[in-house]
Amino acid sequence: MSTAKPSSTAKPSPKLAATVLDGKALAKQMEQQLSPRVEAIKEKTGRTPSLATILVGDDPASATYVRMKGNACKRVGMDSIKVELPSETTTEQLMAKIDELNDDPDVHGILLQHPIPDHIDERACFDQIKLAKDVDGVTCLGFGRMSMGEPAFGSCTPQGIMYMLEHYDIELAGLEAVVVGRSPILGKPMAMMLLNENCTVTICHSKTQDLAAHIQRADIVVGAVGVPELIKAEWIKEGAVVIDAGFHPREGGGVGDIEMSGVADKASAYTPVPGGVGPMTINTLIRQTVIAAERAAGIEA
Ligand code: NAP
């Protein structure tokens, strides 16, 4: 005799509320932990940990990002050195400036703000940054080492996402992960970091056929595309972790690369837009600069 309950009496179990992965609050909390570490470096070495930012040309959005990074340094007691170069700067001139900063013991991290003018060989300039000062995780060497599980600073946006997933105790091993986007600063390193945590990773891009089918089987989705709401809420699998790196300003707020309306009812966890991934990116840059300064000072982190 069957002991199964008749389906008519079975009640669906209520869905637990999705966890909001609050990057803004977490970044603030992590920032507070950095200030005493900065003080300890100052005490031991007499040097203030410092991030050098290089801005080439006059892109207003880049200038804003550089300013935000400088402000974040200030909040934890660090210095930031702003290097502003004209848009006519050549590859050789930019590389020479990077060499100068590589050799400067008062500089612990170097950030070359992307994008730089087209006539400059951006890859060559990124790769000119010394590994120990590549706190933005942009060099081929750093990417290769990170991918092989060797010590190196990860690219800040995906690294910030990984900190957030760890903080919220999201168990990654065995999950089907789908990363949409394959840029050198975001999609590719994101995929490698998830692979290193034992996810089964699919990378989608502009030539991917049937994006929806990939998203529909994903336990974790990362939107890193730069197209507003390209990834539809209806594709998201029940219980998935949803990470949106995109931000596109709209009147009264903004949207990401993932259509978020309705996602909270399906996902087990999701990043709000704004206030999710963005604050963690800057925080990771500052944290990695502090680590670089600790290493230069011989302090065990
Ligand atoms: P990107 O360099 O422009 O790369 C975009 C990627 O998306 C490319 O790999 C592209 O594929 C793929 N793509 C474009 N259209 C697609 C489509 N219809 N279907 C599938 N894939 C498609 O951009 P990014 O720098 O990685 O940035 C991605 C997003 O993250 C943007 O919204 C950006 O604003 C955001 N972002 C946020 C932060 C932060 O701190 N929060 C930092 C960096 C970036 P192909 O390779 O085939 O062209």
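Asn 102 counts as buried in this predicted model, at 6% relative accessibility, where buried denotes a relative accessible area under 20%, exposed one over 50%, and partly exposed the range in between (1.4 Å probe, protein chains only). This residue is found in helix H3 (residues 91-103), and its side chain reaches the backbone nitrogen of Lys 130 at 3.0 Å. Such a polar contact is a pair of N or O atoms within 3.5 Å; within protein, one atom must be able to donate a hydrogen and the other to accept it, and residues adjacent in sequence count only if both atoms are side-chain atoms. Helices (H or I, at least four residues) and strands (E, at least two) are DSSP runs, numbered from the N terminus.

The model is a predicted one, in which local features need pLDDT of at least 70 and side-chain atom pairs count only at pLDDT 80 or more, whereas totals for chains, interfaces and linings use all residues. Residues are numbered from 1 along each chain as its sequence is written, and side-chain values use heavy atoms, with hydrogens and water left out.

Around the ligand there are 21 residues, of which Arg 182, Ser 183, His 205, Ser 206 and Thr 281 come nearest; a residue is taken as near a molecule if one of its heavy atoms lies within 4 Å of it. The shell divides into 9 nonpolar, 10 polar and 2 charged residues, with Ala, Val, Leu, Ile, Met, Phe, Trp, Tyr, Cys and Pro counted as nonpolar, Asp, Glu, Lys and Arg as charged, and the others, Gly among them, as polar. Helix H10 (residues 277-297) contributes the largest share of this shell, 3 residues. An oxygen atom of the ligand is 2.5 Å from an N or O atom in the side chain of Ser 206, and an oxygen atom of the ligand is 3.4 Å from an N or O atom in the side chain of Asp 257. Of the 920 Å² of accessible area that the ligand has on its own, the protein covers 65%, as computed by the Shrake-Rupley method with a 1.4 Å probe.

His 205 is also 16 residues in sequence from Pro 189, the two being 14 Å apart in space, C-alpha to C-alpha. Pro 189 is found in helix H7 (residues 187-196) and, at 1% relative accessibility, counts as buried.

Most residues other than glycine have a negative phi, and most peptide bonds are trans. Against this background, the peptide bond from His 114 to Pro 115 is cis, with omega near 0 degrees, and Pro 115 is found in the loop between strand E4 (109-112) and helix H4 (122-128). The peptide bond from Val 273 to Pro 274 is likewise cis, with omega near -5 degrees, and Pro 274 has its place in the loop between strand E11 (269-270) and H10. A positive phi, near 70 degrees, is found at Asn 198, which lies in the loop between H7 and strand E6 (200-204) and counts as exposed at 54% relative accessibility. Phi of Glu 229 is also positive, near 50 degrees; Glu 229 lies in the loop between strand E7 (220-223) and strand E8 (241-244) and is partly exposed, with a relative accessible area of 29%.
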